Amino acid sequence: MGALNVLYALLAVVVGVLGALALYWILNKLVEMLPAKQEEAVKPFAFLLPALAVITVFLVYPAIMTIINSLRSDDSTEWVGAKNFVRIFTNAPFLSALVNNLLWIIIVPATVVALGLLVAVLADRLSPTKEKVAKSVIFMPMAISMVGASTIWKFIYAYKPAGTDQIGLLNAIVVGFGGQPQTWLQYQTLKFNTLLLMIVYIWTQVGYSMVLLSAAIKGVPEETVEAGRIDGASEVAIFFRIIVPQAWPTVITVFITVLIGVMKVFDIVYVMTNGNYDTDVIGNAFFNALYSEADAGKASAIVLVLMVAILPIMVYQVRQFRAQEANR
Amino acid sequence: MSTATATKPGKAAKAPAPIKEKGLGKANWVIETAVLFLCLMWLIPTIGLFITSIRPGDDADKNGWWTWFANPLRITMENYSKALFDGSTPMGMAFVNSVAVAVPATIIPIMIAAFAAYAFTFMDFPGKDIMFIIIVGLLVVPNQVALVPLSVMFMKLGLQGQFATVWLAHAGFGMPLAVYILRNYMASLPRAVIESAKIDGASHFQTFWKLIVPMSVPALASFAIFQFLWVWNDLLVALVFLGGGDKSVMTVAMAGLLGDRGQGWQILTAGAFLTMLLPLIVFLSLQRFFIRGMTAGAVK
């Protein structure tokens, strides 16, 4: 079975790559048969066609279908108008998931940027070797899947009854200071368990933030920092008034990237609590609407809420891109 | 990861290294301790996971992994062999499935994207700007938007539960990013080279194949690594299209293990470490390319 799967995959690579090459070769030959003038006009589309087809079929068309399905019944056969939206927005657990998502949005991107900036600035002052080692350590969780990271942290939050040895680091520390062990992932006071889930996400993303911000800080021109020093600015003032403003575009980039990731967060919540104990988020609510409830209408409506929330970011991205192109 | 300042190892902070002067000031013990503290915060969770995975029997469920240091010779590989070969979805099988998913899902989109990126960079055609702007917009579209209709479509095509569904889905989801990264890279290549090839009578196909592809290797590599790690670590798409049966990939198998209350922590930690192994190797050996891809505007 296993060997067969590998063979299947290898075959797919060979067929996929050769097939794509053959396709382009044939398209190219066909286009070359046209008169020279038409050839120039048609050729770009021969190069573009496969990519555009893939994007249209596997991304744009399904996205449009999702919009349509959000107005249809649970098996997408009848039109139900705005009923799915009425249902989700009058559903207390979903509203709570929205609030949780909002908390993720408020807390996580800002924390990731702040911590990334902190590590970048501190590491910048170490010797090159130490800086390299420190950055590699902080960056390493980037390679770990959210499922892997969730396992790591679920173990840290593990609970054993009071009086027995604790195996989770967090409870061991709490007990070490004379406290009572807690079932942390069920600890809902002040949404503490949601906060614990956020820590997992932050842990995986600070490395990304640090690498980009570190590059930005190193790109700040020497003269501007020197000028600040000559004017007698303190180190803190130099940091906030001279370095941070010049690294600001990168700060925004990191913030937005993390923000998008946080809005659609799924893996961590699914694996650690599956949305129980008031930790649900949009991404997980979508998955459960689709699988536990087998309700395509509701799932589509939920995902549309996510899409609408992301729309302003999309507009911003496009604007940014145009500004960049204008400067190219 | 390498900083351009890497001159000589050692106490460069105290040596008059001109580039280092640029920062705020020099390292002192407060800063070194702070960085060390942060590094420990980042490392200890993974170290705890690894140590637990090599503790014998049900030690892991009896006392904390830190007690292992008192008796560091008490180790075993048994948890790994159990995680790899036992259970309904053994990690060994899941590893094979993950390879079968991730390799085609990485390689297939690259070439398609490279051709499109070439057209966007070096050719003129009506609607070019608007098409590229749509691609930029699609960069931030969450995958969830496409999942339900895609599974309906795959079902109609009789493909449900096949690896091909994940390859195609990942090709679609990764395509805007691939085109975007490659086009931005190609736009930075010297135009003169392409112009002279044109004067020499090279066709677009030849220019692409003989000039642009070799020159774009760094960008192709960085996208490949990015996409590979992304697909390998993905849970949602694999869960929706392949589910938890004998086509489980590692993330799905691991999520299944975690949901299974009977599993001891020694098996869970060994399983988790196995899922992390290949991405960590890929990542540590090819970090440079990965970072380049990231800085090239990976907003996925």
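Is Ser73(A) buried, exposed or partly exposed? I looked this up and found that Ser73(A) is partly exposed, because 16 other C-beta atoms lie within 10 Å, where buried means 20 or more such atoms, exposed means 12 or fewer, partly exposed is in between, and C-beta atoms are placed from the backbone.

I noted that this is a predicted model, in which local features need pLDDT of at least 70 and side-chain atom pairs count only at pLDDT 80 or more, while totals for chains, interfaces and linings use all residues. Residues are numbered from 1 along each chain as its sequence is written, and chains are lettered from A and ligands numbered from 1 in the order in which they are written.

I then placed Ser73(A) in the loop between helix 2 (36-69) and helix 3 (83-89) of chain A, helices being DSSP runs of H or I with at least four residues, numbered from the N terminus. Leaving aside neighbours within four places in sequence, Ser73(A) is in contact with Glu78(A), Val80(A) and Gly297(A), contact meaning that C-beta atoms, placed from the backbone, lie within 7 Å.

Next I turned to the two chains, whose contact takes 101 residues from chain B and 97 residues from chain A. Helix 4 (residues 91-122) of chain B supplies the largest share of the side of chain B that touches chain A, with 16 residues.

Last, I checked helix 13 of chain B, which bends by about 35° at Leu277(B), with the proline Pro279(B) following within four residues; the bend is the angle between axes fitted to the seven residues ending there and the seven starting there.

Notes. Helices (H or I, at least four residues) and strands (E, at least two) are DSSP runs, numbered from the N terminus.
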